[in-house]
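Please keep the sequence and the structure in view while reading.

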Amino acid sequence: MEKRITASTLYNYVQCPRRVQLDFFGDPSKKDRVSAFVELLWERGNAFERETMDKLDEPFADLRSLEPLEKEQQTLRLMRLGEKIIYGGRIRTDTLVGEPDLLVQKGSGYVAGDIKSGAGIEGMDDESDGKLKRHYAVQLALYTDVLGQVGFLSRDRFPFIWDVHGQEVDYDLDTSISKRDDRSLWDLYQECLDAVIAIKKREQEPLAALCAVCKLCHWRSHCRAQLKQDDDLTLIPELGRAKRDVMYRHLKTVHDLAQADLNGVVQGKKTIFPRISAKTIRRFQARAALLASPSSQPYLKEPITFPEADIELFFDVETDPMRDCCYLHGFIERNRSKPNEETYHAFFADRPTEEQERKALDQALNFLRSRDAYVIYYYSHYERTTLRKLQKRFPDIASEEEIENLFSPSVAIDLYTDVVRKKTEWPTNDYSIKTLANYLGFKWRDKEPSGAASIEWYHRWVETQDSCLRQRILDYNEDDCIAMRVLLDALRGMAI
């Protein structure tokens, strides 16, 4: 039977067009097993959805348990009868099918909504109101499209998200995608839908691309092998799908770029490629050259001076975004007078409660207060962002000034942002701490180490109190801290 296009299809297309093509036509035997973390996301998403509906004060029709055909029939019947809220309905046309969590009557028609265990808006912080999420927008637009085609669309054409914060976020599909992109979200939906239809008809076959979402995809091993075979440009750090696609007519492989005469593409400070500067293309070429040569070594682009201190601390936090909880602050402590000795200090929240999170933060900060003349190393801005967020949650434990002083450049070094990205080049496909430390010969004790895995272990620890799970989390965090120490020592030994 021909597959209809679903909201999930469009969600996946926004994340990765190649996944859609493989989901339609790929060999199922080449799929990786679904990760425990993805299964946890499904489980938590379903649980959050049930919890949300259990709290709803208004009556609703629940169609979740019905088979697809009966669900479609009952959804249409209830909409004809004017049911106020339909939970777990199903609507379709000849080519599209939507299963919105909610269909809510507005006026003479309906608007669709989804319940999400994440935030309804991305990039929202103290300085920005954030923006509507594209992958949510295309899902809601599909529901809206189907409602219109079956004759039940409300004039109030604002589908919505009920998010993890208890907020109802309306998605105005006529609003612009962003300040730099004046296409509307509805335009985005139409473009994505047209592209998916073309993929389904085999009129398009998107190329694979190495990107962050690969880690959770069931086609990750299959695509990675294809990328290696194709010597794809996205194997170059920070050269993503969009840049690869605009370069592809002229430069198809890592070796092509490594050997290219850039005089043909550089035009002053710009290049013939949209939004790729001359400086950027030269940086990518240097990285391509490293990847193209089997004897390449990492190098410094400029000298690095690290602060002098008797004590070096390597800091890493573990957080659970589904519970909005920081459950572990970990430190490796090394005294430079005894460089071969180091101690791991862990401050762990045994439960994802405010009391336990507060206690772990208090212990971590007291640990830091008890040390004199130290320098602290961390990898990317996440640790600083997390502690700033915790300070606002628990202002009596630490002042804003104390947290800012903790991350002052004179005593705190972001190895990723301030050192690796700015001042080094590596013959690797990305600059994650795991990739670089593995390149330097360090191995994590766990066979499948990742922050996502740690979150899944923590959920199981909370449920079972299995001491082996707790130790697995601590070992993983300790190894992350050690990896930063391994990287620092390597950086000190590198030459320009």
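The model is predicted: local features need pLDDT of at least 70, side-chain atom pairs count only at pLDDT 80 or more, and totals for chains, interfaces and linings use all residues. Residues are numbered from 1 along each chain as its sequence is written, and side-chain values use heavy atoms, with hydrogens and water left out.

A nonpolar core is a set of buried Ala, Val, Leu, Ile, Met, Phe, Trp, Tyr and Cys residues joined through side-chain atoms within 4.5 Å; buried means under 20% relative accessible area with a 1.4 Å probe, protein chains only. The largest such core holds 50 residues, of which Tyr327, Tyr379, Leu415 and Leu487 touch the most other members. Elements that each supply at least two residues include helix H3 (36–54), strand S16 (325–335) and helix H17 (467–493); helices (H or I, at least four residues) and strands (E, at least two) are DSSP runs, numbered from the N terminus. H17 gives the most, with twelve residues.

A second, separate core of 41 residues includes Met79, Tyr110, Tyr136 and Ala141.

| Residue | Phi | Loop between |
|---|---|---|
| Asp231 | about 55° | helix H7 (220–230) and helix H8 (241–247) |
| Ser380 | about 85° | strand S18 and helix H12 (382–393) |

Asp231 counts as buried because its relative accessibility is 17%.
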